[in-house]
Amino acid sequence: YVYSDFFFILAPRVVESRTELAFPEFLQQNFYRPLGATSVGFNPQLSPYKIVPTEHDFMFRQEPIHGTVHDEGAIMLGGVSGHAGLFANANDLAKLLQMYLNGGEYGGKRYL
């Protein structure tokens, strides 16, 4: 088994070229706002005290990772990627996961 992020790194560019919307805005308009998941997004503008530190990166950034994505590939893409970088509070994460458990439907609306 060989793991590759290639599709998930490429997917936002495909979305942007097909919709003429930035990937984060496409997701907000089509998924997160309709789900009522208002905290979900990339590069959060919250106080770091509201975000759990994820690691101390001794190899790539040589600093604690707190309030930014810890994945090196996603941070090189400005924190916006299809494979990493999404932040949310527990309530909004539960909404997303319930939508997945419902086969792509939530609150009577089909998302996937």
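**Contacts of L35**

Leaving aside residues up to four places away in sequence, L35 touches K95, L96, M99, Y106 and Y111, a contact being heavy atoms within 4.5 Å. The model is predicted: local features need pLDDT of at least 70 and side-chain atom pairs pLDDT 80 or more, whereas totals for chains, interfaces and linings use all residues. Residues are numbered from 1 along each chain as its sequence is written, and side-chain values use heavy atoms, without hydrogens and water.

**Nonpolar core**

L35 is also among the residues with the most contacts inside the largest nonpolar core, together with F23, L27, F31, Y32 and L96. This core has 14 residues; such a core is a set of buried Ala, Val, Leu, Ile, Met, Phe, Trp, Tyr and Cys residues joined through side-chain atoms within 4.5 Å. Buried denotes under 20% relative accessible area, exposed over 50%, and partly exposed in between (1.4 Å probe, protein chains only).

At least two core residues come from each of α2 (23-35) and α4 (90-101). The most is given by α2, with six residues. Helices (H or I, at least four residues) and strands (E, at least two) are DSSP runs numbered from the N terminus.

**Helix α1**

Helix α1 comprises residues 6-19 and reaches 20 Å from its first C-alpha to its last, close to the expected 20 Å, which is 1.5 Å times one less than its number of residues. Its buried residues are A11, P12 and V15, and they pack against α2. After α1 comes E20, with a positive phi near 60 degrees.

**Residue F60**

F60 lies in the loop between β2 (55-57) and β3 (63-65). F60 counts as partly exposed because its relative accessibility is 36%.
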